[in-house]
Amino acid sequence: MGMLRYFTLAAASFASIAISPRILFRLQNPGTIPYINRTRFIDPTKASTERISGQREFEEWKQQFQGMTLPSTHSHSVRVTRIAKNIVGSMHSEINKLRSISEDISQYGFLHRVWLRMTRKLPPSLSHLDGLNWEVLIVTGVPVRYFPALVCPGGKIIASTAFIELHPSDVELATMLAHEIAHIMARHGCERRTKVELISMIHRVLNRFVTIDFYQTVRNWIDHRFEFEADYIGLLLMAAVGYDPRQAPKYYEKMAMFDVPVKYPVLARFLVSHPSGRERAKAVARPEIMKEALLLYNDYRGRRGVE
Ligand SMILES: [Zn+2]
């Protein structure tokens with residue numbers, strides 16, 4: 001088979017795998033991320049099993065950390081749970097505000113829906129956040145570099161004692177927790193699962209023609225986007241419950257000490273899964289974003305009568 005045919009085959013496979021399900025899912029299931037208003041692309045079967053797979057993932061982590069977890073009465077567990085509760089509370093009151101716009105888009109005609117999507121005006125998807133069973137698990141004996149904190153779909157938060165001890169102020173922990181809770185709000189876990197499946201299909205085709213690790217490169221690019229989105233949503237969630245958003249850039253600057261060094265910083269987006277601490281600090285400190293967060297923060301303080 002000539003090279004031209006190979007490329008035609010590769011291009012056709014790429015187009016059919018990448019484009020058709022994308023259009024199909026987007027039109028059928030146009031879930032929209034709150035605040036960002038990006039229409040995401042989620043496989044409906046993955047959406048329906050999201051909580052079960054999140055629970056399974058959480059159980060696997062528990063197994064892995066067997067004998068290394070703190071009791072719920074330990075001061076670290078109490079502190080993280082208290083701050084997480086505040087942020088989850090913030091998320092729910094934000095949901096109530098956002099729900100004033102109807103989530104049911106079936107009332108609009110097809111073209112109207114396409115127009116709303118193009119102009120990023122589709123109502124946010126929130127029903128996946130109803131009745132979540134939030135849990136917090138603190139693990140000991142793992143260095144921050146390898147395990148700071150993570151969240152499993154369904155609302156399971158795991159943080160390491162090393163990470164907690166590195167952040168003595170509540171606002172620092174609130175920045176981290178708000179970021180993790182924002183991943184749940186944006187439903188990134190589910191979207192990642194959908195995309196990873198597609199990427200591996202494309203990877204299998206492209207693998208015959210190119211030597212780059214297509215799979216990891218695209219995954220890093222997607223993860224970068226998710227991280228920035230969670231930083232932004234997290235900033236709003238923490239601010240809405242009285243944690244000073246102006247402290248968030250300092251937190252990300254501090255976390256820069258764990259950045260993975262990359263040889264070509266300009267390609268970092270494709271080489272590592274997380275943006276650098278400095279980039280993240282800069283992104284949340286952008287005036288238009290900080291202004292939005294400060295509005296929520298001042299509103300909270302006004303309602304509480306804090307000067
Ligand atoms: Zn994250």
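Analyst: Two strands pair if DSSP finds at least two bridges between them. Strands (E, at least two residues) and helices (H or I, at least four) are DSSP runs, numbered from the N terminus. This is a predicted model, in which local features need pLDDT of at least 70, side-chain atom pairs count only at pLDDT 80 or more, and totals for chains, interfaces and linings use all residues. Residues are numbered from 1 along each chain as its sequence is written.

User: How many bridges join S1 to S3?

Analyst: Strands S1 and S3 run parallel. Among the residues that face each other, isoleucine 138 stands opposite alanine 159 in S3. The number of bridges joining S1 to S3 is 5.

User: In what order do the strands of the open sheet lie?

Analyst: The sheet is formed by 3 strands, and its pairing is mixed. Strand S1 (135-139) and strand S2 (149-152) are the edge strands, each pairing on one side only. The order is S1-S3-S2.

User: In what sense do S2 and S3 pair?

Analyst: Alanine 149 stands opposite alanine 159 in S3, leucine 150 opposite isoleucine 158, and valine 151 has isoleucine 157 as its bridge partner. The hairpin of these strands has 3 residues between them, and there glycine 154 takes a positive phi near 100°. Over 4 bridges, S2 and strand S3 (residues 156-160) pair in the sense called antiparallel.

User: How many residues of S3 are buried?

Analyst: A residue is buried if 20 or more other C-beta atoms lie within 10 Å of its own, exposed if 12 or fewer, and partly exposed in between, with C-beta atoms placed from the backbone. On one side of S3, Lys156, Ile158 and Ser160 are buried, and on the other Ile157 and Ala159 are buried. S3 is thus mostly covered, the count being 5 of its 5 residues.

User: At about what angle does H7 run to S2?

Analyst: Angles run from 0 to 180 degrees between N-to-C directions, and axes are lines fitted to C-alpha atoms, for helices over the stretch in contact. Two residues are in contact if their C-beta atoms, placed from the backbone, lie within 7 Å. Helix H7 lies across S2 and S3, and its angle to S2 is about 25°.

User: How many residues of H7 are buried?

Analyst: Helix H7 (residues 170-186) has 17 residues and reaches 24 Å from its first C-alpha to its last. The expected span of a helix is 1.5 Å times one less than its number of residues, and the reach of H7 is close to the 24 Å expected. H7 is mostly covered, with a buried count of 15 of its 17 residues.

User: Why is isoleucine 33 classed as buried?

Analyst: Isoleucine 33 is found in the loop between helix H1 (3-28) and helix H2 (44-48). Leaving out residues up to four places away in sequence, isoleucine 33 touches Arg38, Arg40, Pro124, Ala186 and Glu229. Isoleucine 33 is buried because the other C-beta atoms within 10 Å number 21.
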